[in-house]
Amino acid sequence: MKTILHLISSPRQEASVSIKLGRAIVERLQQQFPGSRVNEVNLLDENIPHLGAPHLQSFFTPETELNSQDREAIAYSDRAISQLKNADIVVLGAPMYNFTIHSSLKAWIDHIARAGKTFRYTDHGPEGLVGDKKVYLAVASGGVYSGGPYEPYDFVVPYLKNILGFLGMTDVTVYRAEGLNIPVLQDHALDEAIANINLE
Ligand SMILES: Cc1cc2nc3c(=O)[nH]c(=O)nc-3n(C[C@H](O)[C@H](O)[C@H](O)COP(=O)(O)O)c2cc1C
């Protein structure tokens with residue numbers, strides 16, 4: 001039995017391909033680990049604020065010196081970090097927007113990347129503190145980025161792998177539904193991505 005955190009970052013609700021792909025991954029995980037707890041979190045519903053002065057001030061103030069306003073400013077960050085740390089497996093839905101991730105997912109990353117909480121600098125360089133967990137990316141894009149001329153335009157998968165790795169999550173498997181805006185590919189893209197799910 002595992003705790004699975006499924007993060008959604010598409011505004012398209014039932015039409016979203018990254019949500020469908022993410023749910024297909026979660027379903028397979030539930031078959032593999034019967035009785036698992038699934039926590040599906042739609043980041044668009046969280047209304048995550050851009051990092052502002054109150055967040056930054058609180059992030060860099062020692063815990064014992066935080067006043068009630070500071071604590072309020074970092075309440076979302078604290079909750080998101082504990083949700084993440086409590087998960088054994090993370091399924092991260094990532095629609096491509098303008099060659100990168102949707103701003104709701106970037107906002108979430110800005111709130112969970114915290115010095116002393118999820119990473120720290122040591123004499124040997126940065127160290128991730130999130131702890132070992134398996135991460136699956138469910139990526140949806142209109143074009144094709146796994147190869148071909150647009151591969152260098154993909155700032156979704158390289159970015160997510162790097163930031164997750166920086167925070168200690170290095171075991172990342174990528175599933176892509178791609179070519180969703182390309183007539184000859186779009187009808188099969190999701191089915192092919194789901195058929196490729198192999199959790200072994
Ligand atoms: C505002 C916007 C920007 C997009 N930018 C890109 C892009 O840069 N490259 C691409 O391949 N697809 C792009 N798309 C297409 C989406 O990646 C595609 O519709 C995908 O299915 C979105 O994921 P979702 O179905 O989970 O919402 C864009 C779509 C929208 C609405």
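**Entry 1: helix α4**

I began with the buried residues of α4, which are Y76, S77, A80, I81 and L84, where buried means under 20% relative accessible area, exposed over 50% and partly exposed in between, computed with a 1.4 Å probe and protein chains only. These residues cover an arc of only 125 degrees around the axis, so they sit on the same side of α4; the arc is taken over the directions from the helix axis to the C-beta atoms. An α-helix has 3.6 residues a turn, so residues three or four places apart point the same way.

I also checked the length of α4 (residues 75-86): its 12 residues should span 16 Å at 1.5 Å a residue, and its end C-alpha atoms are 17 Å apart, which agrees. The expected span is 1.5 Å times one less than the number of residues. Helices are DSSP runs of H or I with at least four residues, strands are runs of E with at least two, and both are numbered from the N terminus.

**Entry 2: ground rules**

I noted that this is a predicted model, in which local features need pLDDT of at least 70 and side-chain atom pairs count only at pLDDT 80 or more, while totals for chains, interfaces and linings use all residues. Residues are numbered from 1 along each chain as its sequence is written, and side-chain values use heavy atoms, with hydrogens and water left out.

**Entry 3: the ligand**

Which residues are the closest to the ligand? I found 17 residues around the ligand, the closest being S10, R12, S16, S18 and Y145, where a residue counts as near if one of its heavy atoms lies within 4 Å. By class, this shell has eight nonpolar, eight polar and one charged residues; Ala, Val, Leu, Ile, Met, Phe, Trp, Tyr, Cys and Pro count as nonpolar, Asp, Glu, Lys and Arg as charged, and the others, Gly among them, as polar.

The protein covers 77% of the 630 Å² of accessible area that the ligand has on its own, with areas from the Shrake-Rupley method and a 1.4 Å probe. The elements that give two or more residues to the shell are α1 (17-32), β3 (89-97) and β7 (134-141), and β3 gives the largest share, three residues.

**Entry 4: two serines**

I looked up S16 in the loop between β1 (3-8) and α1, and it is buried, with a relative accessible area of 1%. The side chains of S16 and S18 are joined by a polar contact of 3.3 Å, a term for a pair of N or O atoms within 3.5 Å; within protein, one must be able to donate a hydrogen and the other to accept it, and residues adjacent in sequence count only if both atoms are side-chain atoms.

S58, in helix α2 (residues 53-59), is buried at 1% relative accessible area, and its side chain reaches the backbone oxygen of P54 at 2.7 Å.

**Entry 5: positive phi**

Most residues other than glycine have a negative phi. I noted that N47, in the loop between β2 and α2, has a positive phi of about 45 degrees although it is not a glycine, and N47 counts as exposed at 63% relative accessibility. F99, in the loop between β3 and β4 (100-101), has a positive phi near 70 degrees and counts as partly exposed at 33%.
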